[in-house]
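Subject: Structure handover

Hello,

Please find the structure below. My notes on it follow.

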Amino acid sequence: MKNPRILSVTEVNQFLKTLLESNSLLKNLVIQGELSNVKRAASGHLYFSLKDPASKIDCVMFKNAAMGIKFVPKEGLKVTLRGSLGVYPPSGQYQITVRSMEPQGQGDLYQAYLALKGDLEKKGYFDPEHKKKLPVTISRVGIVTSPTGAAVEDMISIIKRRNPMMDIVLYPSLVQGEAAAANIIAGIKAFNALKTVDVIIIGRGGGSIEDLWAFNDENLARIIFESELPIVSAVGHEIDFTIADFVADLRAPTPSGAAELVAEETRNLIQSLDQVKNRMIQAMKIQINQNREVLFRLNKDLLRFHPRQRIDEIRISLDVVQEKMLRSMKVMIKDNRQQLKHLEARLDAVNPTNVLKRGYVLVTDGKGIPIGTVKDLAPDQSLSLRFKDGLVSVRIESIKEN
Amino acid sequence: MAVKKLKAKLSRLEEIALILEGENQEIEASIKLFEEGMKLVKECTGDLDSLEGKILVLIDGEEKDFEGRIS
């Protein structure tokens, strides 16, 4: 047996490297296992171990490849790796240079989604106290979405229908594919820089989990979390949940739902305008009626104390008095008339002409005054003799007293 | 902005209605308030009928009029 050739350490490692790296099976390795000891270097390279219950193998994923990972590679996660086995000569260790990493099993993306979700939840991204309230009044809305497609059309038409006064600012963005997340991030940043809108809607229509994947981006989640403007997330259909939905201040089930959330019905405004108008009119009517009632009452009071009222009373009592007077006057007249008749009869009884009728004569002086005694007479005096049928003037010749 | 102004007017109207509905109002003051209220109602109705929001696009950090159809 020949003396074996003595090799240097480097030669052995180099030999192994050549041997292993030329093997076609080891060159295109597909290997399953659990992630462990995951470290991301400042350079962006990812170092970790892949293990199963019995053993482990070291892995490296260089920056370029690591950037393609669509989930958070974390401890214990079961993954399928594609890569090649290689040897690192300085340490003599073999390791897998990983080209791609997928979470294991059928719902690979779903697993990744769950992993990121759990991660962000732990970081407090979903905490209710971080949720910003939507402003009570929204006059302008920013929308980050694809400028083509049904979603944007639905949102615009719903907003216009519900509140024609609202301004809509559209940030046209990709919503699926590699660049989508970065696009959406740029949109959110642009709105936050300008601050001309009251709220931002990010969203897209329905699709597969792959289509919606941009909304499960970790960087996007961070930007949503940091946004000063409130963000409504509206991705896919009611049943689709994305990381963006959880971080956003409000999740709408669909883009149309988001439009309804931000655009309050102006019909409500019209209604409250009508209501307040009717209330004012009603209140005014009540007041006017109250005043009218007071006026009516006062008027009644005034009428009761009106002087005419007194005058009427006086007038009536005047009538009464007058009536009384008239009545007693009549009585009096009647009485007097009777008495007069009576007196007339009595006077008639003593009427001197009746005596004359019986043949006596009434002697009067020249002035018509009856003469009852001779003592008042003197000779030559004129006397008047009244007979029953005429007067006779005589002159006294002589007087002879008894 | 339009909606905010409109809402400010609406809340003033609410205030006026409340005062008018209150007890023991001076009729002259009430009539003045009522007139103010009716003027606001007219304005608001006009605003609701005439104010039309714009559709803009945000490109290169600037809001621009959106021309052309969305679809």
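Which residue forms a salt bridge with B:Lys9? The partner is B:Asp47, and the closest N and O atoms are 2.9 Å apart. A salt bridge here is a side-chain nitrogen of Lys or Arg within 4 Å of a carboxyl oxygen of Asp or Glu. B:Lys9 lies in helix α1 (residues 2-21) of chain B and B:Asp47 in helix α2 (residues 27-50) of chain B, so the pair ties together parts that are 38 residues apart in sequence. Helices (H or I, at least four residues) and strands (E, at least two) are DSSP runs, numbered from the N terminus. B:Asp47 is buried, at 18% relative accessible area; buried means under 20%, exposed over 50%, and partly exposed in between (1.4 Å probe, protein chains only).

Before the rest, the conventions. This is a predicted model, in which local features need pLDDT of at least 70 and side-chain atom pairs count only at pLDDT 80 or more, while totals for chains, interfaces and linings use all residues. Residues are numbered from 1 along each chain as its sequence is written, chains are lettered from A and ligands numbered from 1 in the order in which they are written, and side-chain values use heavy atoms, with hydrogens and water left out.

Salt bridges

Over all chains, the search finds 22 salt bridges. One of them pairs A:Arg140 with B:Glu63, with the closest N and O atoms 3.0 Å apart. A:Arg140 is in strand β6 (residues 140-145) of chain A and B:Glu63 in strand β2 (residues 62-65) of chain B, so this pair joins two chains. A:Arg140 is buried at 11% relative accessible area, whereas B:Glu63 is partly exposed at 25%.

Within chain A, A:Arg251 bridges to A:Asp245 at 3.5 Å between the closest N and O atoms, and A:Asp245 is buried at 4%. Salt bridges also link A:Asp119, A:Lys123 and A:Glu218 in a network.

Cysteines

There are zero disulfides (pairs of cysteine sulfur atoms within 2.5 Å) over all chains. A:Cys59 is buried at 3% relative accessible area, and B:Cys44 is buried at 1%.

A:Asn163

This residue sits in the loop between α5 (150-162) and β7 (167-172) of chain A. A:Asn163 counts as buried, with 1% relative accessibility. Leaving aside residues up to four places away in sequence, A:Asn163 touches A:Ile138, A:Ala263, A:Glu264, A:Thr266 and B:Val3, where contact means heavy atoms within 4.5 Å.

Regards

Notes. Disulfide = S-S within 2.5 Å.
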